[in-house]
Amino acid sequence: MDKDHDEYLRQLLRIRDDLQAYCLSLVRSWADADELFQRTAVVLWERFGDFDPERAFAPWARGIARNLALKHFRERRRLVQMDQSALDAIDCAFEADDDQGADELAALEACLSQLPAPSRRLLAWRYGESRPIGRIAQALNRSVAAVTKQLSRLRGALQECIVQRLRADGAP
Amino acid sequence: MNALAERAARFLEGAMPAEEAAAFEQELATNPALAQALARQARLEARLRRILGAEREQNLAADATPHTVTVPGIPMPGAAMRPSGERSQTKGPRRPGQSGRRRSARRSRPRTTAMLPLGLAALFLAALALGALVLNHAGTPRPSGNEPAAPRQLATPDPAPSTNPEPSPAHSFIVIKAGDATTNAAAALTAGAALQPGDTLVTGQQPSVCQSADGSTVTLAPGTTLTLSALHPATALKLERGLASYVVSPQKAAPFTVAMPLADISVIGTRFVLEAGPYHSWARVEEGRVRFASNTETRVLGAGDEGLATADAQPRIFGFSLVDAISGTPLPGRHALRDGDSIDQTQQVAIVARTSPSVSAMRVSLDQQDDSWERNPPFALLGNPATTQADTASFYPVKLSPGSHRFVVTPYDNDGAAGPERTLRVTIQ
């Protein structure tokens, strides 16, 4: 691989989770978000020669994803389309935590390792295997509402655990 | 979880009615705290997907090839299908005299899997996949078409971007984890090699993973032979023998197809596992729908359904799966238990035999001491509890002393004729 490609991959992998999360916040479906991310990755490589290494890579990548998402909205003829100010607000929110990716990932891994097996299994079904909540509810013989609530509690507990770990580690 | 986070999660799930979603989007512009909650939720979900998805990929890669039944004789033509709902319909009360161990008290403890190495492994795989995607898009020339190609050297990605972006990156099939696999075109494979129509991939003692540029992934268990038949208009594979797990991205042009000796399947985007042996072709769908066509029948399988085509009417055991004892669903990566596999019995698991439809009972010998009979399909080596119990378990979980154990299992048909016995050794942790 040439130097450009190495650098491109390094930059992209560094922001991969955040860029996928950004795509999800724009299109609200993991299937669409994955497609948007993949298209964004291709355009980023095509235009990598134009990238100014003195500037941050993440905002540049988000800008390209945003433009592709707007095209996505037009193609899907969505009745409700995010206006520029809402998109700006999302950009600002992502930019605020741009440098914490690695710390947050490590914290999340540690938090996950502390979960009881049934909770971890539930998360694995939902996020590792993308199982629909209805099927999880069926497998566990519970209602969809109960599974949704449990997932919500687990996400909340993980968020809290991440914050505590980052604080303990002295992160800003 | 606070109210903002809750709303953000519902928004991301697509669970909001259109009007509420529109109001949410408008509020984003004026409420920075809501935008931050949205970003935090989306980041958390992305990282959960990566960490837990990587764990799943690791499990899939560890999937094993079942032993094929070796009995004298030549496979007969013809096939039989297992009804898709058979498994759930046939779980009934235990019969008098039927064996089964008492269900143990449930125990659970946090998994101690080291997540950091998995994260690094995921990064590595992602780098290879993304590299392959981008490099292919940048113009690595390769023909596309349905005609099998003559044996040749495998293409390796060209790192130099070309000004000609054709052909489409959708027409590529990249090895992202080579293991000890070989092909008809090269003695050994390396990660990043591009397979062409006509290439046959043969795994040895290690698993191998391939990915098309649309993100569809095929994980080949050890001892599997898979041929890439075509890349255009959609990927077409032929599973000659062994076991492979598939995660197929939504197909726009044409169905993704896999041919097996006794059945063919076609899909437009789903997850499933296929197994082919001399006497059977088997499919299990994890998600989505799969069209399963054998010599005798064609049916559409939904999530949790299985299709089986057999070469003869003998009672046979095709292999053993490790399943979640509570839900009855196979554990990722453990569809096919290998002889000598380790089992962590704190995870509430059960061992279930995959059998031909003609099997009506199974004799199970454990460590040459304990003969028992299983008469209710799906046949678990340690039985399934009566449904009259308050407990909702599908199977008795494995509860054996730590160390090595040996099961010898003999299938019988309705007339009492025995099929070839199978042996399974497991190590209990």
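D344(B) is partly exposed, because its relative accessible area is 21%. Buried means under 20%, exposed means over 50%, and partly exposed lies in between, with a 1.4 Å probe and protein chains only. D344(B) sits in the loop between strand 16 (341-343) and strand 17 (349-355) of chain B. Helices and strands here are DSSP runs: H or I of at least four residues for helices, E of at least two for strands, numbered from the N terminus.

A word on the model. It is predicted, so local features need pLDDT of at least 70 and side-chain atom pairs count only at pLDDT 80 or more, while totals for chains, interfaces and linings use all residues. Residues are numbered from 1 along each chain as its sequence is written, chains are lettered from A and ligands numbered from 1 in the order in which they are written, and side-chain values use heavy atoms, with hydrogens and water left out.

Next, chain A. It has eight helices and zero strands. Along the sequence the pattern reads α-α-α-α-α-α-α-α. Chain A has 172 residues, and 53% of them count as buried. Take the contacts in chain A with a separation of 6 or more: 63% of those come from residues 24 or more positions apart. Contact means heavy atoms within 4.5 Å.

One helix pair in chain A. Two packed helices are described by the angle between their axes and the distance between the axes. How do helix 5 and helix 8 of chain A cross? The axes of helix 5 (residues 101-113) of chain A and helix 8 (residues 144-168) of chain A come within 9 Å and cross at roughly 120°. Axes are lines fitted to C-alpha atoms, for helices over the stretch in contact, and angles run from 0 to 180 degrees between N-to-C directions. Helix 5 and helix 8 of chain A are therefore oblique to each other. The cut-offs: under 35 degrees is roughly parallel, over 145 roughly antiparallel, 65 to 115 roughly perpendicular, the rest oblique. The crossing of helix 5 and helix 8 of chain A is right-handed, that is, the near helix is turned clockwise from the far one by less than a right angle. Helix 5 of chain A contributes residues including A107(A), L108(A) and C111(A), and helix 8 of chain A residues including L158(A), I162(A) and L166(A). The residues of this contact divide into nine nonpolar, no polar and three charged. Nonpolar covers Ala, Val, Leu, Ile, Met, Phe, Trp, Tyr, Cys and Pro; charged covers Asp, Glu, Lys and Arg; the others, Gly among them, are polar.

Now salt bridges. Side chains of opposite charge can pair when their charged atoms come close. The rule is a side-chain nitrogen of Lys or Arg within 4 Å of a carboxyl oxygen of Asp or Glu. R47(B) and D17(A) form one, 4.0 Å from N to O. That pair crosses between chains, from helix 3 (residues 32-61) of chain B to helix 1 (residues 3-27) of chain A. R47(B) is buried, at 4% relative accessibility. D17(A) is buried too, at 5%.

Back inside chain A, R66(A) pairs with D88(A), with closest N and O atoms 2.9 Å apart. R66(A) lies in helix 3 (residues 57-76) of chain A and D88(A) in helix 4 (residues 84-96) of chain A, so the pair ties together parts 22 residues apart in sequence.
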